[in-house]
Amino acid sequence: MTTSTVKAPIEAGVWNIDPTHSTVGFVVKHLMVSKVRGKFETFSGTITVAEDGTPSVQAEIDVTTITTGNPQRDGHIKSADFFDAEKFPKATFVSTSVRPDGDNFVLTGDFTLHGVTKSVDLSLEFNGSNAGMGQGEVAGFEASTVLNRKDFGIDIEMPLEGGGVVVGDKVTINLEIEAVKAQA
């Protein structure tokens with residue numbers, strides 16, 4: 001059950017995430033000097049706004065659809081060294097609360113990755129809503145959080161000869177979401 005100290009800035013109803021106009025991406029340090037960026041091609045979710053304005057979010061990411069622009073690296077990330085995607089093909093998020101944070105919000109929820117569930121806070125910005133282009137009303141959001149991969153049991157150590165590691169522990173998750181209000 002979601003508890004909230006704010007009312008959603010969008011109308012009551014179910015809002016479906018539009019994967020064609022949304023992105024679920026990430027950034028992680030590589031070789032201690034640069035960053036690798038990637039995204040997931042397949043994901044889904046809903047924002048449900050109760051009649052009293054209380055919002056809740058549920059989302060699912062197909063981790064087998066990761067892409068970083070390098071098929072060999074993508075295969076390694078899907079392997080048991082990282083996601084173990086054969087055993088844990090999905091990551092999920094279920095919100096537990098939303099609270100104001102200045103002009104923005106903090107969305108808290110249970111995030112499950114690699115078989116481990118942890119509470120995470122996402123910084124959430126509402127970008128507005130409009131009538132859309134004939135497919136129904138749309139709303140836009142941006143959200144981000146920083147996760148430690150080791151908190152989710154992804155604890156591979158790949159040390160560099162001169163010190164440091166190949167892959168950093170901190171992973172920044174960036175969401176750009178467009179949601180379409182479901183027709184009643």
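**Reading a predicted chain by its cut-offs**

Biologist: Why is K90 called partly exposed?

Modeller: K90 has a relative accessible area of 37%, and the label covers whatever falls between buried, under 20%, and exposed, over 50% (1.4 Å probe, protein chains only). So K90 counts as partly exposed. Before we go on, this is a predicted model, where local features need pLDDT of at least 70, side-chain atom pairs count only at pLDDT 80 or more, and totals for chains, interfaces and linings use all residues. Residues are numbered from 1 along each chain as its sequence is written, and side-chain values use heavy atoms, with hydrogens and water left out.

Biologist: Thanks! What makes K90 and D62 a salt bridge?

Modeller: The rule asks for a side-chain nitrogen of Lys or Arg within 4 Å of a carboxyl oxygen of Asp or Glu. K90 and D62 have 3.7 Å from N to O, so the pair passes. K90 sits in strand β8 (residues 90–101) and D62 in strand β6 (residues 55–62), so this bridge ties together parts 28 residues apart in sequence.

Biologist: And D62, buried or exposed?

Modeller: Buried, because its relative accessibility is 14%. Salt bridges with shared partners also join R149, K150 and D169 into one network.

Biologist: How many salt bridges does the rule give?

Modeller: The count is five. One of them joins K181 and E11, whose closest N and O atoms are 3.0 Å apart. That pair links distant parts of the chain, 170 residues apart: K181 belongs to strand β12 (residues 167–181), and E11 to the loop between β1 and β2. E11 is partly exposed, with 45% relative accessibility.

Biologist: How do you know that E41 and K39 form a salt bridge?

Modeller: Their N to O distance is 3.9 Å, which is within the limit, so the pair counts. Both partners are partly exposed: E41 has a relative accessible area of 46%, and K39 has 37%.

Biologist: Where is I10, and why is it called buried?

Modeller: I10 is in the loop between β1 (3–4) and β2 (13–17). Its relative accessibility is 8%, so it counts as buried. Contact means heavy atoms within 4.5 Å. Leaving aside neighbours within four places in sequence, I10 is in contact with W15, I47, V49, F126, S129, A139 and F141.

Biologist: Let's step back. Which helices and strands does the chain have?

Modeller: One helix and 12 strands. In sequence order the pattern reads β-β-β-β-β-β-β-α-β-β-β-β-β.

Biologist: How do you know that the chain agrees with a compact globule?

Modeller: The radius of gyration is taken over C-alpha atoms, and the globule rule is 2.2 Å times the number of residues to the power 0.38. For 184 residues a compact globule would come near 16 Å; the chain has 17 Å, which agrees. Along its principal axes, the C-alpha trace spans about 55 × 30 × 30 Å.

Biologist: What share of the chain is buried?

Modeller: Buried residues make up 40% of the 184. As for contacts with a separation of 6 or more, 58% of them come from residues 24 or more positions apart.

How values were computed: Helix = DSSP H or I, 4+ residues; strand = E, 2+ residues; numbered from the N terminus.
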